[in-house]
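Subject: Structure handover

Hello,

Here is the structure I said I would pass on.

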Amino acid sequence: MKTVDDYNFKDKKALIRVDFNVPLDDEGNVTDSTRIEAAKPTIIKVLEDGGSVVLMTHLGRPKNKEAKFSLQQIVPKVSEIMGVEIKFVNDCVGDVATNEAKNLKPGEILLLENLRYHKEETEGDSGFAKQLSQLGDIYVNDAFGTAHRAHASTTVVAKYFEEKCFGYLLKQEIDSLNKVLKSAEKPVTAIIGGAKVSSKITVLENILDKVDHLIIGGGMAFTFIKAQGGKIGSSLVEDDKQELALEILKKAAKKGVEVHLPVDTIIADSFSEMANKDVCPIDDIPDGWMGLDAGPKSIALFSEVILKSKTILWNGPIGVFEMEAFAEGTMKIGEAIGKATSNGAFSLVGGGDSVAAVKKFNLEDEVSYVSTGGGAMLEMLEGKSLPGIKAISEA
């Protein structure tokens with residue numbers, strides 16, 4: 001696996017695909033700069049070698065050249081983080097972009113306008129990819145968040161380069177996932193939460209071969225509980241996935257994987273912060289009430305499993321943590337993972353909601369690694385090979 005460490009970028013131009021798809025407020029200010037900071041080590045390595053950098057990324061899903069998706073808005077934040085005044089060009093291909101890239105001097109950084117202003121980007125168009133390829137000497141992919149997309153800038157562009165490699169961030173993501181999937185120290189525990197079983201089916205099936213314990217939490221747990229004959233009131237459920245839930249439990253038993261479902265739940269009489277609350281067994285929820293968080297017994301049970309683990313994967317929250325009233329379960333699970341990590345376990349957190357939870361409860365420094373790519377991480381957990389990774393590793 002070639003990385004930026006395998007190259008000396010002196011007098012070379014690195015064309016780097018980053019993932020600066022960051023949240024902005026109404027004034028166009030960056031509200032969370034994690035992804036920009038994550039790409040910094042790769043960019044600085046090129047500059048310190050005496051090279052220059054052309055950055056390409058997308059922002060949002062523009063229908064046309066909508067100003068609210070212009071990357072010009074993030075220039076001040078990127079300049080501040082890199083400690084270098086960033087140059088910006090209002091297109092990513094064409095004469096203006098080509099000339100700006102050509103005139104770039106060592107130590108300089110050029111940010112191209114939003115790739116998705118061109119539909120050819122998401123279509124994986126070869127001609128568009130070839131135009132992009134003319135802006136640099138070495139192609140560096142450091143965008144894990146889009147590694148599962150066969151887009152022009154993430155995959156197709158690589159074929160026009162003799163010299164191509166991974167940035168530090170992408171390598172770290174791959175290494176962390178492989179640590180869980182291929183060389184994990186046992187016991188291995190996966191905590192899979194979130195609203196729906198349907199979005200995690202392939203993940204659940206694929207990781208059964210790799211884990212010793214599977215904790216199932218969040219809204220998806222109710223499908224399993226109902227499938228086993230439990231009363232779940234008006235809790236979230238996917239009735240058409242009950243059969244599948246039983247199938248997963250059966251497969252787990254066959255492979256010797258211990259599945260841990262919640263035993264109690266915090267119930268509410270409406271989906272609201274102001275709702276009346278109570279605690280009850282998860283398989284005996286009264287009509288008109290819904291489970292919105294793990295109960296104290298479930299938290300204790302899950303925490304005990306986590307604290308005995310040597311490798312932990314967390315994808316998906318345990319309750320509706322966005323509401324203060326139902327955040328306890330997710331917070332306590334995060335804290336247990338932090339404690340296990342300080343005792344020597346390796347913990348990987350990924351998926352938009354889990355990452356948001358880790359940030360909300362200030363647990364980022366308590367876990368081993370927080371993944372920057374939700375969809376890409378899920379696809380790797382499903383056992384798929386990601387086109388953005390394949391384009392470089394199989395070169």
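The notes below cover the cores, the pockets, some backbone features and the salt bridges.

Please keep in mind that this is a predicted model.

Cores

The largest nonpolar core has 73 residues, and the members that touch the most others are Leu112, Leu132, Phe144, Leu214, Phe224 and Ile389. Helix H6 (residues 168–181) provides the largest share of this core, with six residues. Apart from this core lies another one of 30 residues, including Tyr7, Val46, Val75 and Ile81.

Which residues is Leu214 in contact with, once its neighbours within four places in sequence are left aside? The list is Ala190, Ile192, Leu204, Ile207, Leu208, Val257, Glu258, Val259 and His260.

The largest pocket holds about 640 Å³ of space. It is lined by 28 residues, and those closest to its centre are Thr34, Val355, Lys359, Ser371 and Thr372. At least two lining residues come from each of helix H1 (34–49), H6, helix H12 (352–360) and strand E17 (369–370). H1 gives the most, with five residues. By residue class, the lining of the largest pocket has eleven nonpolar, twelve polar and five charged members.

For the second largest pocket, the volume is about 380 Å³. Its lining counts 26 residues, with Gly218, Gly219, Leu292, Gly319 and Val320 the closest to the centre. Helix H8 (221–227), strand E11 (264–268) and strand E14 (290–294) are the elements that give two or more residues to this lining. Here E14 gives the most, with five residues. The lining of the second largest pocket divides into 13 nonpolar, nine polar and four charged residues.

Backbone

There is a cis peptide bond from Lys186 to Pro187, with omega near -5 degrees. Pro187 sits in the loop between H6 and strand E7 (188–192).

Is Asp11 buried or exposed? Its relative accessible area is 56%, so Asp11 counts as exposed. For Asn362 phi is about 55 degrees, and Asn362 is placed in the loop between H12 and E17. Asn362 is exposed as well, at 63% relative accessibility.

Salt bridges

The structure holds 20 salt bridges. The following are some of them.

Glu121 pairs with Arg17, the closest N and O atoms being 3.6 Å apart. Because Glu121 lies in helix H4 (residues 119–123) and Arg17 in strand E1, this pair ties together parts that are 104 residues apart in sequence. Glu121 is buried, with a relative accessible area of 0%, and Arg17 is buried with a value of 0%.

Glu205 and Lys251 meet through their side chains in another salt bridge, at 3.3 Å from N to O. This pair links distant parts of the chain, with Glu205 in helix H7 (residues 201–207) and Lys251 in helix H9 (residues 242–254), 46 residues apart. What is the relative accessibility of Glu205? It is 30%, so Glu205 counts as partly exposed. Lys251 is partly exposed too, with a relative accessible area of 32%.

Lys332 forms a salt bridge with Glu335, and the closest N and O atoms are 3.8 Å apart. The two are three residues apart in helix H11 (residues 328–342), which means that about one helical turn separates them. Lys332 is partly exposed at 30% relative accessibility, and Glu335 is partly exposed at 37%. Through salt bridges that share partners, Glu328, Lys332 and Glu335 are joined into one network.

Regards

Note on methods:
Residues numbered from 1 in each chain as written. Predicted model: local features only at pLDDT ≥ 70, side-chain atom pairs only at ≥ 80, totals over all residues. Heavy atoms only, no water. Core = buried A, V, L, I, M, F, W, Y, C linked by side-chain atoms within 4.5 Å. Buried < 20%, exposed > 50% of the residue type's maximum accessible area, 1.4 Å probe, protein only. Helix = DSSP H or I, 4+ residues; strand = E, 2+ residues; numbered from the N terminus. Contact = heavy atoms within 4.5 Å. 1 Å grid on protein atoms, 1.4 Å probe; cavity = no way out; pocket = protein on both sides within 12 Å on 5 of 7 lines; lining within 4 Å. Points joined across faces, edges and corners; volume = space filled by probe spheres on them. Nonpolar A, V, L, I, M, F, W, Y, C, P; charged D, E, K, R; others polar. Salt bridge = Lys/Arg side-chain N within 4 Å of Asp/Glu carboxyl O.
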